[in-house]
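Open the model in your viewer and keep the sequence panel beside it. The stops below tell you what to select and what is there.

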Amino acid sequence: MRSLVTGEQMKAIDRYTIEEIGIPSLVLQERAACCVADEVRKRVQKGAFVWAACGTGNNGADAIAAARMLFLDGYYVTVLLCGNRERETEECRLQRSIAEKLGIPVTEWTDFIPGRCQVLIDGVFGVGLARNVEGDYRRFLEMLKGQEKELTVAVDMPSGIHSDTGRMMGIALKADVTVTFGWEKRGTVLYPGRDFAGTVVIGDIGFPQISFQKAVEQSGESKQTAFSYGPEDLNLIPKRPAYSNKGTFGHVLIVAGSVNMSGAAYLSAKAAYRCGAGLVKILTPEANRQILQSQIPEAIISTYEIEAVEEEPERFGRFLEEQCVWADAVVLGPGLGTEPYVRNLVPAVLSAACSAIILDADGLNTIAANPEMTRFYTDSVIITPHMGEMARLTGQTIKDLQENIAEAASGYARRYGITCVLKDAATAAADREGRLFLNTSGNSAMAKAGSGDVLTGAIAALCAQGMEPAEGAFLGVYLHGLAGDLLRREGGAYGLLAGELADALGRVMRQEE
């Protein structure tokens, strides 16, 4: 597990380290510059032509210091400056002075006649960028984008990318490598920042852990901590004791499918089994019985007549309660459709369930069309909307949601006291306590029908095996992405099928054995 910080939190970390701990700013800066220079040395031999593109802040100072180290090591270095020299930080002024005294060419970019550039060190903006890039800065970035180069190394953040949201602020430089300091920034995990960051290297420049703790405590509205998982977190997968039976590993009830539409129910059930659930039951219209029994004979098929939902609500309610009492986790929504009876089915399940509920697809669309149903939300509810479903739930546009996916997920989770998994190219999941998980696994091959149904089954299986709803949701998202990554490595980006994704989950789970 690794922590992800906002720009505000990183500034607070820096400030606490310097002012309270007493580590000088220049010490941190020299170590940061070493990290940047090292990444250049690993990739390009001495004698290469290096441009260091620098703003007037400490990010620019880091870039100048890195350029100086490369100059002393035999690289041909030019420092290009952009910005008002009257606003230059003390550290930037000092690093510029050192470079000039060593004979390094230092020039305003507007006076520079472009020549050969093999390596670009991008130190124009850091974590503090909060508005669109305009004027001279925009023209500077346009010139740098148009220059042919072998390698671009960004200092802390790719210039033009918002450090919190990953948004492109009008224009941005795409890096091959981003060397970030202390902790990774949220903007290099979220799109489009993730694309612009390239390979992210986290440089240890000497920030003590207490600086992180104090920064989070003192950061007001940004107090929320964010994190992501890595391979080491596969140990979170529930263990399989030798002395056990199918009941040991939980019962999953999947309320899914509409008449003659069984695919979503099948995919969720298959994924739940692949992720370790002991027993899976599909509750679906009677018309789906035969096909589901053929597709997945391992599952129990329990059915109902659609007329009973509306015409015999009390009897159906008792039947539904029996199904839900049996379950350790309930999936509600995949493939339900939008027939009138679904409006009665969704609140009935939400009322009867006494375990984790994973609410997806048409379950969410039903709530979006009937907002009063949010009164059935409890702290055991996990919603898994994609952007379109979230737009319907909140009344916001997809574009607005994508502006800050982390806040969209967090805000909804806090408002209703639930866990919200907001699916996108980089999924954000938040719980009612303020934790924010930003997923780093997964790829575009997974953008296929049925992929979301597989995710609901995976989360349900983890919850049925004893994980708390939020923990099951976070880990389920990560494992789902790992399965997609495995299939892409093996078969490329185009041919992945959702059923294969469910099968790959079992292979991913095997890595913990």
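**First stop: A37**

Select A37: apart from its neighbours within four places in sequence, A37 is in contact (heavy atoms within 4.5 Å) with A66, M69 and L70. This is a predicted model, in which local features need pLDDT of at least 70, side-chain atom pairs count only at pLDDT 80 or more, and totals for chains, interfaces and linings use all residues. Residues are numbered from 1 along each chain as its sequence is written, and side-chain values use heavy atoms, with hydrogens and water left out.

A37 belongs to helix α2 (residues 25-43); helices here are DSSP runs of H or I, at least four residues, strands are runs of E, at least two, and both are numbered from the N terminus. Is A37 buried or exposed? With a relative accessible area of 0%, A37 is buried (under 20% relative accessible area; exposed is over 50%, partly exposed in between, with a 1.4 Å probe and protein chains only).

**Second stop: α3 and α4**

Select residues 58-72 (helix α3) and 90-101 (helix α4): their axes come within 8 Å and cross at roughly 20°. Axes are lines fitted to C-alpha atoms, for helices over the stretch in contact, and angles run from 0 to 180 degrees between N-to-C directions. The two helices are therefore roughly parallel (angles under 35 degrees; over 145 is roughly antiparallel, 65 to 115 roughly perpendicular, the rest oblique).

Show side chains for the contact: N58, G60, A61, I64, A65 and R68 come from α3, and E91, C92, Q95, R96, I98 and A99 from α4. These residues divide into six nonpolar, three polar and three charged (Ala, Val, Leu, Ile, Met, Phe, Trp, Tyr, Cys and Pro count as nonpolar; Asp, Glu, Lys and Arg as charged; the others, Gly among them, as polar).

Move to residues 387-394, helix α14: six of its eight residues are buried, so α14 is largely enclosed by the rest of the structure. Colour the buried ones, M387, G388, E389, M390, A391 and L393. They pack against α13 (361-369), β16 (381-383), α15 (398-403), α16 (405-416) and β17 (419-422). After α14 comes G395, with a positive phi near 80°.

**Last stop: the whole chain**

Zoom out. The chain has 19 helices and 19 strands, and its C-alpha trace spans about 85 × 40 × 40 Å along the principal axes. Of its 513 residues, 58% are buried.
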